[in-house]
Amino acid sequence: MAKLCRGHISTLVAAIKPAVDSTNGQTGDAWDNAVRANVKMNVNNLQSSSPILAEAVKAGKLKVVGGRYDLDSGKVEIIA
């Protein structure tokens with residue numbers, strides 16, 4: 001099991017790294033900045049991930065939004 005987890009963690013780190021890097025030097029909480037940037041990047045990726053989705057977004061038939069789930073409060077904050 002430990003080998004499996006290490007493989008997945010490196011994949012997750014690689015996926016999140018661009019968002020973390022994009023927030024270097026920003027004021028405020030580094031963790032929060034990176035989470036918000038990651039959500040926005042994923043929304044952008046989903047909106048253009050396939051011609052079908054991109055066309056639906058362009059036509060106003062589909063809206064892709066991102067949110068952040070707070071484990072402590074159970075609330076979801078819409079970010080993008």
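**Close-ups of a predicted protein chain**

View 1. The C-alpha trace spans about 45 × 35 × 30 Å along its principal axes. Keep in mind that this is a predicted model, where local features need pLDDT of at least 70, side-chain atom pairs count only at pLDDT 80 or more, and totals for chains, interfaces and linings use all residues. Residues are numbered from 1 along each chain as its sequence is written, and side-chain values use heavy atoms, with hydrogens and water left out.

**View 2. The helices and strands of the protein chain.** You'll find 3 helices and 2 strands here, in the order α-α-α-β-β along the sequence. Both kinds are DSSP runs numbered from the N terminus: helices are H or I with at least four residues, strands are E with at least two.

**View 3. Asp29 and its loop.** Asp29 sits in the loop between α1 (2-22) and α2 (30-47). Is Asp29 buried, partly exposed or exposed? Asp29 counts as partly exposed because its relative accessibility is 47%; buried means under 20% relative accessible area and exposed over 50%, with partly exposed in between (1.4 Å probe, protein chains only). A polar atom of the Asp29 side chain lies 3.3 Å from the backbone nitrogen of Trp31.

**View 4. Buried residues in the protein chain.** Of the 80 residues, 15% count as buried.

Note on methods. A polar contact is a pair of N or O atoms within 3.5 Å; within protein, one must be able to donate a hydrogen and the other to accept it, and residues adjacent in sequence count only if both atoms are side-chain atoms.
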